[in-house]
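Have the sequence open beside the 3D view as you read.

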Amino acid sequence: MDRSWLARVAGNLALAGFFSAAPAGAQSLAPSTSPSSSPPVWTAAAGYESFWLRDVARSGRPVDASPMEWRGDGPALIATYDRERPGRVHHFDASIALARGFSLHSPVRTLDAPDGDRARRLGARYEYRRYPFRNVGLLGLDLGIGAGADVEQLVFLRHFAPAIDLRSAVLNFGTSAVIAARLNRSRLDLLATFGNGLSIGRGTSRHRGEVETKLDGWGGGWQTHLGVHAAVRVHGRTAIVVSYLNSGEGRFASHDSITFGRSRFTVGAMYER
């Protein structure tokens with residue numbers, strides 16, 4: 001079964017849980033009163049991430065993109081740190097993901113990519129959120145806005161017949177505006193975030209065949225992401241965390257225009273120090 005399909009199903013279930021929990025939570029206990037400064041929260045989680053990439057020939061209207069998607073998946077690790085003050089949150093995270101087992105997907109058929117195809121992603125993000133709208137409609141439901149900044153390195157290796165290797169690396173820096181909704185209960189915390197913004201970065205492509213060619217340059221683009229998180233407290237300051245993230249990015253540069261994205265599903269533990 002396609003793992004990217006499983007990731008999308010998990011995300012839809014998490015979203016359904018968020019919105020179904022809101023009306024039911026109206027009859028539950030009121031959230032605990034937050035102190036003036038909450039203790040820092042550390043989270044470590046593991047799971048898998050599905051990655052896709054599509055080449056773009058022209059970014060102007062009408063956009064001309066390849067109908068073929070290069071898809072693979074593999075393990076993912078993420079660590080986060082959150083510091084909360086009354087009405088605002090500072091969030092940091094760092095992640096790594098590896099993808100193999102790639103295939104080529106078109107509207108009419110799917111082909112296996114060469115066994116040596118693989119990708120690696122390293123990323124770090126800071127997000128600042130404020131929650132000016134508190135207890136919207138029911139106790140514990142807050143709506144917020146914020147901003148984020150991130151850095152991401154993507155490296156991928158592709159093989160083409162008869163004997164051509166393409167190694168590409170992209171280092172992106174991005175900023176985004178963020179909207180968020182959270183629901184806090186005595187033992188359950190739910191959070192949904194959506195971000196959209198711009199990115200700029202440097203890309204390098206190296207073609208190896210009978211002749212070796214190297215191209216590099218700067219480019220810009222867009223980025224968007226949707227995240228859903230659920231934390232269930234199991235004992236004292238410890239909680240089990242389930243998270244889903246779906247993101248998409250576009251990069252437009254000379255000889256290096258692509259769109260790519262990922263779906264990540266992780267399970268881990270959260271601890272308040």
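In which strand does Arg120 lie? Arg120 sits in strand β6, residues 118-133; strands here are DSSP E runs of at least two residues, numbered from the N terminus. Before going on, note that this is a predicted model, where local features need pLDDT of at least 70, side-chain atom pairs count only at pLDDT 80 or more, and totals for chains, interfaces and linings use all residues. Residues are numbered from 1 along each chain as its sequence is written, and side-chain values use heavy atoms, with hydrogens and water left out.

Back to Arg120: it counts as partly exposed because its relative accessibility is 32% (buried is under 20% relative accessible area, exposed is over 50%, and partly exposed is in between, with a 1.4 Å probe and protein chains only). Together with Arg100, Arg118 and Arg167, Arg120 forms a positive surface patch. Patches are built from residues with over 30% relative accessible area and no salt bridge, joining like charges within 9 Å and nonpolar side chains (Val, Leu, Ile, Met, Phe, Trp, Tyr) within 5 Å. Lys and Arg count as positive, Asp and Glu as negative, while His and the chain ends are not counted.

There's a nonpolar surface patch too, made of Val151, Leu171, Phe173, Ile200 and Trp218, with about 470 Å² of accessible area together. Phe173 belongs to strand β8, residues 164-184, and its 40% relative accessibility makes it partly exposed.

Now for the aromatic residues. The structure holds eight aromatic pairs, meaning rings of Phe, Tyr and Trp (its six-membered ring) with centres within 6.5 Å; planes under 30 degrees apart are stacked, over 60 edge-to-face, and the rest tilted. One of the pairs is Phe51 with Trp70, which is edge-to-face because the planes are at 90°, with ring centres 6.2 Å apart. Phe51 is in strand β1 (residues 41-58) and Trp70 in strand β3 (residues 69-85), so this pair ties together parts 19 residues apart in sequence. Both Phe51 and Trp70 are buried. Phe51 also pairs with Phe260: their centres are 6.5 Å apart and their planes at 35°, so this pair is tilted. Since Phe260 is in strand β12 (residues 258-272), the pair with Phe51 ties together parts 209 residues apart in sequence. Phe51, Trp70, Phe102, Phe156 and Phe260 form one aromatic cluster.

What about charges? Side chains of opposite charge can pair when their charged atoms come close. A search of the whole structure finds 17 salt bridges, each a side-chain nitrogen of Lys or Arg within 4 Å of a carboxyl oxygen of Asp or Glu. In one of them, Arg182 meets Glu84 at 3.0 Å, N to O. That pair links Arg182 in strand β8 with Glu84 in strand β3, 98 residues apart. Arg182 is buried at 6% relative accessible area, whereas Glu84 is partly exposed at 25%.

Another salt bridge joins Arg121 and Glu152 (4.0 Å, N to O). Arg121 is in strand β6 and Glu152 in strand β7 (residues 141-160), so the bridge ties together parts 31 residues apart in sequence. Both Arg121 and Glu152 are buried. Glu49 lies in strand β1 and is buried, with a relative accessible area of 3%.

Terms used
Areas by Shrake-Rupley, 256 points an atom, 1.4 Å probe, with all protein chains shown as cover. Charge placed at Lys NZ, Arg CZ, Asp CG, Glu CD. Helix = DSSP H or I, 4+ residues; strand = E, 2+ residues; numbered from the N terminus.
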